[in-house]
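Here are a few notes to go with the structure you asked about. Keep the viewer open and click along as you read.

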Amino acid sequence: MAKSGVIGLDIGTTSVRAAEVVGGRGRQGGTLVRYGEVALPPGAVRDGEVADQPTVTAALKQLWAGAKFSTRQVNIGIGNQRVVVREMELPWMPLPQLKASLPFQVQEMLPMSTDEALLDFYPTGEVTTAAGRMVQGMLVAATKDTVRANVMAVESAGLRPQLVDLSPFALMRAVVHGEMAGRTVAVVDIGARITQVIIAAEGTPRFVRVLPSGGGNVTDAVAGALGCSAPDAEAIKREVGIGFAVPPERTAAAEAISNVVRPLVEAVRNTFVYYASNHPGAGIDMVVLTGGGSQLPGLGQYLASASRLAVSMADPLSILRVGKGLGIDPSRHATFPAMPLGLAYGVAA
């Protein structure tokens, strides 16, 4: 990592967050020296894409003014259902040439024109087949509009994106460390409107899926069932949780929560099953939860029961020192936002 701080910027549905990390190498060590977040109004960001650029730009300016970051260079992430991530094998060639050849090699595999897409390839290994030497890896394809909207909001705030990263890869870097780096781990990030699942084997990403549901959908369901405001629904949601006995007056809320959480957990479980069926002998060892939506009481136990896997909460601060004056106690902030930290690690070397 460079001597100056590296800043990861997460543009989420409900807020913009940024973390500045100094020192360390890759996913190991370093010091969190600055952190800040600013809330966004509903609709400013939809499904991972900036929908109201002036509002997001204003929030970013407020964030930089308040947190006093040392630089305006940032790493940003993208991740929604318009981003395609697929495992594939391609004929071996030097990586720069391989990436340059992607528009010609993958045009028949994508649900979008390669003229409208930004393409990248993340190599994970090599194999020799009857066709010769092959590179195994993950193809990443994002529509240019998806990236352009977020980059424009960032640049309009006077910031300079130096890296556009895949959000699930950033999550993996932030939370898969220590003994987990030698195992097969599923990271499940439950945001406000999307849930991102990334499966990593020995610290290498192997599978990514983005689901169109999150904690905000649960809040909406409670508000609709009870006819109450979103803040009241949020408080009731956290009071009721999932999988607990409730008094009669909370039955409607519990049913509303279950109607959203049950299909979401089933979709996550099916993702695990799909991965295992396509990777014989390489089943998932454990699940790590992150994101605001993961704070729903009982959700971890519910997912553990449905998947029959050990489920724990992410602890992205466990490998970091925290700078004085931030008011963050790593031992009490296991749920600290992982995304901006993972994005900050994106150029670590």
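1. Which residues of α3 are buried? They are Thr146, Val147, Asn150, Val151, Ala153 and Val154. Look down the axis of α3 and you'll find these buried residues within an arc of 160°, so they line one face of the helix. Before going on, bear in mind that this is a predicted model.

2. Next, the length of α3. Helix α3 covers residues 144-156, 13 residues in all, and at 1.5 Å a residue it should span 18 Å. After α3 comes Gly158, which has a positive phi, near 85°.

3. Now pick out Thr57, which sits in helix α1 (residues 53-67). Is Thr57 buried or exposed? Thr57 is buried, because its relative accessible area is 7% and the cut-off for buried is under 20%. A polar atom of the Thr57 side chain lies 3.0 Å from the backbone oxygen of Ala153, and Ala153 is one of the buried residues of α3.

4. Leu98, Ser101 and Leu102 are its buried residues. They cover an arc of only 145° around the axis, which puts them on the same side of α2. Turn to the other side of α2 and you'll see Pro96, Ala100 and Phe104, which are exposed.

5. On to the pockets. How much space lies in the second largest pocket? About 370 Å³. Its lining has 19 residues, and those nearest the centre are Asp120, Val140, Val164, Asp165 and Leu166. Strand β8 supplies the largest share of this lining, six residues. At least two residues each come from α2 (95-105), β8 (117-129), β9 (132-143), β10 (160-166) and α4 (167-175). Sorted by class, the lining has 14 nonpolar residues, one polar and four charged.

6. The lining of the largest cavity is made up of eleven nonpolar, five polar and two charged residues.

Note on methods. Residues numbered from 1 in each chain as written. Predicted model: local features only at pLDDT ≥ 70, side-chain atom pairs only at ≥ 80, totals over all residues. Heavy atoms only, no water. 1 Å grid on protein atoms, 1.4 Å probe; cavity = no way out; pocket = protein on both sides within 12 Å on 5 of 7 lines; lining within 4 Å. Points joined across faces, edges and corners; volume = space filled by probe spheres on them. Helix = DSSP H or I, 4+ residues; strand = E, 2+ residues; numbered from the N terminus. Nonpolar A, V, L, I, M, F, W, Y, C, P; charged D, E, K, R; others polar. Expected span 1.5 Å × (residues − 1). Buried < 20%, exposed > 50% of the residue type's maximum accessible area, 1.4 Å probe, protein only. Arc of directions from axis to C-beta. Polar contact = N/O pair within 3.5 Å; in protein donor to acceptor, adjacent residues only side chain to side chain.
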